[in-house]
Amino acid sequence: MINFNYENILKLNEIDIKFDYKEYYNRFLNKLENTVGFRKAIFEDINKYKIEKAEDVVVIGMGGSILGTETVYYALKGYNKLNNAYFLDNTDPEKIVKIINEIKDKEPLIYVVSKSGNTLETIVNYNLIKKEVKGDYIFITNGGKLLEEAKEKGYYIMNIPENVPGRYSIFTAVGLAPLYSLNVNIDRLINGAKYMDKIFLEEDFYKNYPIINAIIHYLYEKRGVDIAVLMSYVESLYHFGEWFKQLLGESLGKEGKGITPLLSIGAKDQHSLLQLYMDGKKDKIITFLTVEKYRDDIEVEYNNKIFKLSEIIKYEQLATEKALTNNKVPNVKITLEEVKEECLGALLYMYMLQIGFMGELYNINAYNQPAVEEEKRICLEMMMK
Ligand SMILES: O=P(O)(O)OC[C@H]1O[C@](O)(CO)[C@@H](O)[C@@H]1O
């Protein structure tokens, strides 16, 4: 289903991964058992999220309240029979007006997703949709102005477990309810997460993907390698990169610490960023993201030889990996069997575990984001004066 390969790290032989991680691992397990709820969420009965399917589904949210849903939807779109999604996840007027014009004459199912219920962008987009579009509403929220509004209007309300932070909430109502409406097979998505959970319980940490990847990134960061590049050779996983940026950025970027996430698309970026990765400052660790099988393929002639396009992109990925290793740029590789629900569930959950465990290694709280409040306060002051 999913494979994690770090043989190039072993070849480089620069870090000592025989790190005594047991104490951190136990502390993390204990946290997942008692205080942080994203692991327990994958063992819940998910039938409660299967409310209704709809031809047109609007999702209004920001950050962790929408990026996971977008990741799964855009990864599967075009290959699975999905319903139409409209994501309102910004205040860019051009984008929002365009969507409103597209859905004005439809009667979509509208999800309003916000854990706090007070996020500026989500509130204004809801106010716009309420005015311009007719439709049924489902609110996924725990408080604030949006909970008040939903109660007042008598809309269907679902909650998010308080101990699951937004960016770790894809396997709660936040992701699963809208994805079900969009006709994604959420059982298969959860099965993928459960498969990864078995790997996470592996006591031999060399075989425990999230743990060993966390340790590799942590030990390299200690050597000054503090930019984590996610280089996907599957364009449909672009939105996974957007989700990954928030998870890594908000979880570990605090107290003067952190690793900067960078999203790259192969083979395209071989012709833009590879020069920098190969020969620039040695501050990057690359994660290749690829698949065993592309869902489409086509034959093409090159220099009088016939190739499949999937073979060419694989040669390009492998060549990049070899060249980077030759130049002592650390790199690891995640290979999905195919872009499908199970593999996406496993991938998303692997990263939540990895980043949560890195919080233990750094001894920082990977589940809050206090620094973003300052911008919200300043913005509100400017808006209201
Ligand atoms: O779900 P909410 O409360 O609307 O928050 C949206 C996003 O905003 C943040 O709080 C950052 O401002 C993220 O952590 C969160 O995912």
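I call two residues in contact if their C-beta atoms, placed from the backbone, lie within 7 Å. I take helices (H or I, at least four residues) and strands (E, at least two) as DSSP runs, numbered from the N terminus. The model is predicted: local features need pLDDT of at least 70, side-chain atom pairs count only at pLDDT 80 or more, and totals for chains, interfaces and linings use all residues. Residues are numbered from 1 along each chain as its sequence is written.

**Entry: helix 8**

I looked up helix 8, residues 173-181. Nine of its nine residues are buried, so the rest of the structure largely encloses helix 8. Buried means 20 or more other C-beta atoms within 10 Å of a residue's own; 12 or fewer is exposed, and in between is partly exposed, with C-beta atoms placed from the backbone. Among the buried residues are Val174, Leu176 and Tyr180. I then checked what they pack against: strand 2 (56-60), helix 4, strand 4, strand 5 (136-141), strand 6 (156-158) and helix 9 (186-200). Asparagine 183 follows helix 8, and its phi is positive, near 80°.

**Entry: lysine 115**

I found lysine 115 in the loop between strand 4 (109-114) and helix 6 (120-132). Is lysine 115 buried or exposed? Lysine 115 is buried, as 26 other C-beta atoms lie within 10 Å. Not counting residues up to four places away in sequence, lysine 115 touches Ser65, Thr141, Asn142, Ile160 and Gly166. I also noted leucine 146, 31 residues from lysine 115 along the chain; their C-alpha atoms are separated by 9.4 Å.

**Entry: the ligand**

I listed 14 residues around the ligand, and Gly63, Gly64, Ser114, Ser116 and Gly166 come nearest. Near means a C-beta atom, placed from the backbone, within 6 Å of the molecule or strand. By class, this shell has two nonpolar, nine polar and three charged residues. Ala, Val, Leu, Ile, Met, Phe, Trp, Tyr, Cys and Pro count as nonpolar, Asp, Glu, Lys and Arg as charged, and the others, Gly among them, as polar.

**Entry: threonine 320**

I placed threonine 320 in helix 13 (residues 309-326). Threonine 320 counts as buried, with 23 C-beta neighbours inside 10 Å. Which residues is threonine 320 in contact with, leaving aside its neighbours within four places in sequence? They are Gly266, Gln270 and Leu274. Methionine 278 is 42 residues from threonine 320 in sequence, yet 9.2 Å away in space, C-alpha to C-alpha.
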